[in-house]
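Please look at the sequence and the structure below before reading on.

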Amino acid sequence: MIVDGFFIAGAVICALSVIASVVATILRDYPDDYAIISVAAVELFLVVYGFAAAIRQGGGEAISGEPWEFWGYVATALFVPVVAFWWAVTDKTRWSNAVLAAVGLTVFVMLYRMEQIWDGAPLA
């Protein structure tokens, strides 16, 4: 069970982003500002998470798993909201909101895996 504060904060931000984007998918025929802002919040969280992880690792706290795998997940997770944002601003349809909703789900799964790698937890 993962009880890291960063994981809990990330899970909450991702959940709120999914909720905002699903509601926008149901109610709007175009990309909703709240859904776009919620994805920006996910990206901001990932930037802070990445800096904090670098500081933790630089301070001597070791990653239990493979560091290249952890940082690969961080880098990939940072691209997911950016790609979804560009999708939303170029495709002005209801389904852009669904793509934005997928960001929260995708980043949550990636965050869970990053925490497993950091803590050395076995795959569930």
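## A buried tyrosine and its surroundings

Tyr49 has a relative accessible area of 3%, so it is buried. The structure is a predicted model, and the values below were computed from it.

Which residues surround Tyr49, once its neighbours within four places in sequence are set aside? Tyr49 is then in contact with Phe6, Phe70, Val74, Leu111, Met114 and Glu115. Phe70 is also buried, because its relative accessible area is 0%, under the 20% cut-off for burial.

Tyr49 also belongs to the largest nonpolar core, which has 25 residues. Within this core, Tyr49, Phe70, Leu100 and Met114 touch the most other members. The elements H1, H2, H3 and H4 each give two or more residues to this core.

## Aromatic pairs

A search of the whole structure finds eight aromatic pairs. One of them joins Phe7 and Phe108 in a tilted arrangement. Phe7 is part of helix H1 and Phe108 is part of helix H4, so this pair ties together parts that lie 101 residues apart in sequence. Phe7 counts as buried because its relative accessibility is 8%, whereas Phe108, at 32%, counts as partly exposed.

Tyr49 and Phe70 form another pair, which is tilted because the planes of the rings stand at 40°. Tyr49 lies in helix H2 and Phe70 in helix H3, so the pair ties together parts that are 21 residues apart in sequence. The table sets out the geometry of both pairs.

| Pair | Distance between ring centres | Angle between planes |
|---|---|---|
| Phe7 and Phe108 | 5.7 Å | 45° |
| Tyr49 and Phe70 | 6.3 Å | 40° |

Ring pairs also link Phe6, Phe45, Tyr49, Phe70, Trp71 and Trp118 into a cluster.

## Helix H2

Tyr49 lies in helix H2, which covers residues 33-58. How does the span of H2 agree with its 26 residues? At 1.5 Å a residue, the helix should span 38 Å, and its end C-alpha atoms are 37 Å apart, which agrees.

The buried residues of H2 include Ala35, Ile36, Val39, Val42, Phe45, Leu46 and Tyr49. Ser38 and Glu43 are buried in H2 as well. The buried residues of this helix pack against helix H1 (5-27), helix H3 (67-90) and helix H4 (95-119). Just after H2, Gly60 takes a positive phi of about 110°.

## The start of H2

Asp32 is located in the loop between H1 and H2. Asp32 is buried, because its relative accessible area is 8%. At the start of H2, a side-chain oxygen of Asp32 comes to within 3.1 Å of the backbone nitrogen of Tyr34. The side chain of Asp32 also makes a polar contact, at 3.0 Å, with the side chain of Arg28. If residues up to four places away in sequence are not counted, Asp32 touches Ala24 and Asn97.

## Helix H1

Helix H1 has 23 residues and reaches 33 Å from its first C-alpha to its last, close to the 33 Å expected at 1.5 Å a residue. At its N-terminal end, H1 is capped by Asp4, which has a side-chain oxygen 3.1 Å from the backbone nitrogen of Phe6. Among the buried residues of H1 are Phe7, Gly10, Cys14, Val18 and Ala24. The buried residues of H1 pack against H2 and H4.

Technical notes:
Residues are numbered from 1 along each chain as its sequence is written. This is a predicted model: local features need pLDDT of at least 70, side-chain atom pairs count only at pLDDT 80 or more; totals for chains, interfaces and linings use all residues. Side-chain values use heavy atoms; hydrogens and water are left out. Helices (H or I, at least four residues) and strands (E, at least two) are DSSP runs, numbered from the N terminus. The expected span of a helix is 1.5 Å times one less than its number of residues. Buried means under 20% relative accessible area, exposed over 50%, partly exposed in between (1.4 Å probe, protein chains only). Contact means heavy atoms within 4.5 Å. A polar contact is a pair of N or O atoms within 3.5 Å; within protein, one must be able to donate a hydrogen and the other to accept it, and residues adjacent in sequence count only if both atoms are side-chain atoms. Rings of Phe, Tyr and Trp (its six-membered ring) pair if their centres lie within 6.5 Å; planes under 30 degrees apart count as stacked, over 60 as edge-to-face and the rest as tilted. A nonpolar core is a set of buried Ala, Val, Leu, Ile, Met, Phe, Trp, Tyr and Cys residues joined through side-chain atoms within 4.5 Å.
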